[in-house]
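Subject: Structure for you to look at

Hello,

Here is the structure I said I would send. Please open it alongside the notes below.

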Amino acid sequence: MQSKSPLPPESAADRAGAEGDVPQYPIGSVDRALKLILLLGEQPQIRLTDAARHLEVASSTAHRLLAMLAYRGFVRQDPVSKAYHPGPALLSVAFSVFNRIDIEGAAKPVLARLSERLRESVHLGMLEGANVRFIAAAEGPTAVRVASRHGRAMPAHCTSTGKALLARLSDADFLRLYPDEQLPRLTAHSVGTRTELQRELARVRQQGYAVSREGSEDGVASVAVGIAARAPGVLLALNAAAPIHRLSAAQYDGVADVLSEAATEIAARIG
């Protein structure tokens with residue numbers, strides 16, 4: 001006997017996240033709620049219209065599902081934009097799982113190959129509030145190179161890695177991190193205002209990578225790309241850093257392409 005409430009058609013993302021065959025007695029409402037959680041793992045935020053379209057249901061049905069997820073803490077709604085973001089319960093589950101993963105161990109062979117290919121130092125960073133913490137690194141093979149920042153935390157707005165991470169935040173989350181217009185500088189070339197940072201993040205979203213030219217350290221330039229980690233709320237990025245004379249603006253696109261390949265491999269290894 002067939003269920004009276006058949007499951008909605010699966011998208012490619014749904015199939016990618018599915019395990020095994022459809023159960024004998026599927027529960028449509030549970031399946032739809034889980035699909036919304038999977039969608040939040042792919043996008044930084046979703047709106048009611050996005051949820052309804054993704055599930056192919058009425059807005060009222062999508063709203064009831066989101067309201068229940070919000071009640072259990074799996075999503076939270078921004079009071080200004082009305083968009084939905086991962087909630088504390090979902091982040092807690094994600095982090096508990098993510099903390100069992102040896103991120104550094106998974107990324108280390110990729111970083112080693114990447115460093116050899118680019119002949120420069122490379123770093124893996126994670127967003128911690130308004131800072132970026134470098135959680136893995138591989139130094140370049142040349143005598144004159146950028147030293148490893150493994151274990152260090154730096155203001156995110158001063159680094160290419162941090163800007164690649166900040167570019168993925170919602171406007172509301174960005175403003176919570178940066179309530180003031182003036183920002184601290186590490187060098188004379190650091191981004192110094194929130195307005196300037198917002199303009200730069202818009203460029204990052206448009207071109208697909210972030211750049212720092214002596215923003216975190218005199219004489220150092222870097223390019224960074226985000227990593228599409230599957231764990232909701234976990235923001236990672238990958239950079240290549242070099243002495244400024246070895247990394248010109250004409251090289252940014254090519255370096256970003258190489259970084260993006262490595263970022264995809266790291267995401268698969270830790271996913």
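Predicted model: local features only at pLDDT ≥ 70, side-chain atom pairs only at ≥ 80, totals over all residues.

Helix α9 runs over residues 194-207, 14 residues in total. From its first C-alpha to its last the helix reaches 20 Å, close to the 20 Å expected at 1.5 Å a residue. Its buried residues are R194, L197, E200, L201 and V204. Viewed down the axis of α9, these fall within an arc of 120°, so they line one face of the helix. In general, an α-helix has 3.6 residues a turn, so residues three or four places apart point the same way. The cover over the buried residues of α9 includes α7 (160-166), α8 (171-177) and β6. On the face turned away from the buried side, R199 and Q206 are exposed.

R194 belongs to α9 and is one of its buried residues. A polar atom of the R194 side chain lies 3.1 Å from the backbone oxygen of P179. Leaving aside residues up to four places away in sequence, R194 touches F174, L175, Y178, P179, D180, E181 and L183.

Just after α9, G208 has a positive phi of about 90°.

Strand β6 (residues 210-213) pairs with strand β7 (residues 220-227) in the antiparallel sense, over 4 bridges. S212 has S222 in β7 as its bridge partner. The hairpin of β6 and β7 has 6 residues between the strands, and E214 takes a positive phi near 65° there.

Regards

Conventions
Residues numbered from 1 in each chain as written. Heavy atoms only, no water. Pairing = 2+ DSSP bridges. Helix = DSSP H or I, 4+ residues; strand = E, 2+ residues; numbered from the N terminus. Expected span 1.5 Å × (residues − 1). Buried < 20%, exposed > 50% of the residue type's maximum accessible area, 1.4 Å probe, protein only. Arc of directions from axis to C-beta. Contact = heavy atoms within 4.5 Å. Polar contact = N/O pair within 3.5 Å; in protein donor to acceptor, adjacent residues only side chain to side chain.
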